[in-house]
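Hi everyone, thanks for coming. Today I'd like to walk you through how the parts of one structure touch each other. Have a look at it first.

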Amino acid sequence: MQFHTFSSPHVHNGNSVPAVMRDVLLAVSPGAALMVYFFGWGVFFNLLISSVTAVAAEALVVKLRGREVGPVLADHSALVTAVLLALALPPLVPWWVPFLGALFAIVLAKHLYGGLGYNPFNPAMVGFVMLLIAFPKQMTLWTPPAGLDQQRLDFTETAACIFTHRLPEGLDYDAVTLATPLDKVKTDLGTGRTLREILTAPTFGTLAGVGWEWANLAYLLGGLWLIHRRRIAWQIPAGMLGSLFLVSLVFYGYDSDNYASPLFHLLSGAAMLGAFFIATDPVTAATTPRGRLWYGAGIGLIVYVIRTWGGYPDGVAFGVLLMNMAAPTLDHYTQPRVYGARR
Amino acid sequence: MSYDFSRLHRFHGGLVLEEHKRESSETPIETLPLPDLLTLPLQQHIGEPATPMVRVGETVAKGQRLARPEGYVSVPIHAPTSGKIVAIGDFPVPHPSGLKAPCIVLEPDGEDRWCEPENPIEDYTALDPSALRNRIRDAGIVGLGGAGFPSFIKMNPATGRPIDLLVVNGAECEPWITCDDRLMRERAEAVVGGIHILLHALSAAQCAIAIEDNKPEAIAAMRRAVASVGDDRMQVVEIPTLYPSGGEKQLIYVLTGREVPSQGLPADIGIVCHNPGTIAAIHDAVVHHRPLISRIVTVTGDGVKRPANVEALIGTPMVDLIEHCGGYTPGADRLIMGGPMMGYALPEDDLPVIKTTNCLLVATRRTLPLPPPPRPCIRCGECERVCPARLLPQQLYWYAHARDFDRIQDYHLFDCIECGCCAHVCPSHIPLVQYYRYAKTEIWEIERERRKAEQARQRHEARLARLEREKREREERLKKKRKAVRTDGDRRKAEIAAALERARRKKAGGEAQGAATTPKAQGDD
């Protein structure tokens, strides 16, 4: 009788890349839903445009590269990139912003390097930083969170704003947008006001910014679930949030009038989304256990530096990209001691 | 050094696997009837193949030596039953390559007639360790756990360090396999007897019999056997079920918390590890003068109708074992020798059982589905988390893929034990172990080439030096000759001149004063 022959091992635990990506999408969805709730339909349109663009671009590039399209699309990695990019974008950006961002992320940052597994930089963050540098004005179009918005745009008004740049009669962009809490802290500190005064503004809630605090907590929960499911490495979020916490604690303790509290930093901007969903992209992160701790810690530090002294309100994208560059070096110097090697 | 095993240690990584032990572990070992033909490969062990000592047509008795060891790392092969040698030549053997290899083919005569034991031992405790070692080598005993390393070598630790601890590796951590479990349940006395012999031969003070806690019956049986001999050097240690706890290095760590040095042997830290089947075989060889001519094989999987453990003569066709166990079930499409984690898939079943055949796992696609096509590595690090050698499998894969054989050694490729944990959890379904084997083979090949080139270079340089020396010697000889000729010539000239002078003087003197001497030719000096 004849038999099939394969290399050992002959059994597998059933884990798969598509399953990992599906879990990531599932885990990010409560936070994404809260973002839609707090910041309006614009977030939904960003998600939609970015996803369609990313999947279409991936299909096209894979076809051009002469590979089979089906199996590549089936890994859902383009969708993850698209969702992470979209969640970082302001809600009222024109349609071509998520379009260009997703196109740039998938074509240039991912496939020009060889596709999934071969890209040295986080594609979503490459797309985001390109947009941030090329279209700085559009990248500030954040809406006020639910509860603070006198003029909330409905579905069709948002669509009109995004696709045709038209706002409803009698409204201008100033009326429908609001600086993010991180942005407000940065500009107001620049005018010489103290944090105590700044934080009395209505945009700040019980823990951090209104809306932002809940979205961040939802990302935290989703991230913890991913760690529990062993879909992401715990070291990266632990390193990033740990260093962000420690550095902000030191400065907050030193001068709480000019430096925001650790809690504010941890629950503002892209802190949780970055720590659990963006920095944990395994392809571009460090891969040794200790390397991942350092990698995360580096991002946390850069985020704090940019938020506090840099030119942008948030620094997760730059932190991730800078640490992407450092990942191979970190891996080299943090190799675990192999069984039987000299201690 | 002495150990107490009250606190066990946990090695890095490892896997909890579906055990599938019950399928075959609940019925006693069955003995297979004599097969029609026995095929005995000359290499069933790590090392050099044995050399045949019999001719085609010769009648042999059971236990008679058919092939003698070649070199140090080698063992003899014995006739599993009496009969006639019908062929010596290349036949298919169970090897991943699927290639043929030299074998002796024996046709049983049905009498099962034993030969006279060569030199019976009355009391092995009176023998010195080296005589015992020879005895065990002469019995053809190799590691029966699957690796097939000649056992006598482990009894002769080259490091010169004394052995403190004998570890009996009864972990049997691979799923499906139960041959050691059954052996320890049914023949615990033989195992304990073998331990006695080994402790004597190794002059070791302590023995740990390590068994995974999923084998309570085997643990109880071994405890009873140890208690009945009342030897307090032996201790049964129940260890947690975690693959690959039966890996020699992992087991030693579990028991002692010590690590075997990289590229080293357990003997380097005073430990020797043997499989219980091997130890029982040593007992049979020393006490009953029975060479290694049979072994217990687990025949299991959902591809076979009645899974069981059978005692089969070495050389029995695998298909006989499967037929004994009720034959194949519909849909059987994979035959694996060994376990599902480290065993290798065989292309056909008309292959002989050899000394290392611990298990025949026959599976349908239900239990062992076809592997899906691999996806790119996303460096998720799951492999690193489960690696019991604490390697970075993702980096090893990267460098194997890139054929960067220098870097891959910086990442300790040769500390990989090929347990398969990494590939088991890989979400991209990359056959990682295959890449590591490939890289190891390539590196060995490069090393061989390098050594060959080095030899060729040395040969070439030696030749040049010889030519140079010969040339110099020739020149020297020539110079000497020339000089000789020259001095010779001068002497002749002088003699001629002297003769002429004498002649002149004679002429001038008018009278001959004496007899003139003619110059004599001078030979070479």
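Let's start between the chains: 42 residues of chain A are in contact with 64 residues of chain B, contact meaning heavy atoms within 4.5 Å. Please keep in mind that this is a predicted model, where local features need pLDDT of at least 70, side-chain atom pairs count only at pLDDT 80 or more, and totals for chains, interfaces and linings use all residues. Residues are numbered from 1 along each chain as its sequence is written, chains are lettered from A and ligands numbered from 1 in the order in which they are written, and side-chain values use heavy atoms, with hydrogens and water left out.

Chains A and B bury about 4700 Å² between them, and carbon and sulfur atoms give 55% of that. Buried area is the accessible area (1.4 Å probe) that two parts lose on being put together, summed over both. On the chain A side, A:Phe3, A:His10 and A:Tyr339 supply 19% of the area buried against chain B, more than any other three residues.

How many salt bridges cross the interface of chain A and chain B? There are 3, each a side-chain nitrogen of Lys or Arg within 4 Å of a carboxyl oxygen of Asp or Glu. A:Arg337 pairs with B:Glu259 in a salt bridge, their closest N and O atoms 2.9 Å apart.

A:Asp23 forms a salt bridge with A:Arg231, with 2.8 Å between the closest N and O atoms.
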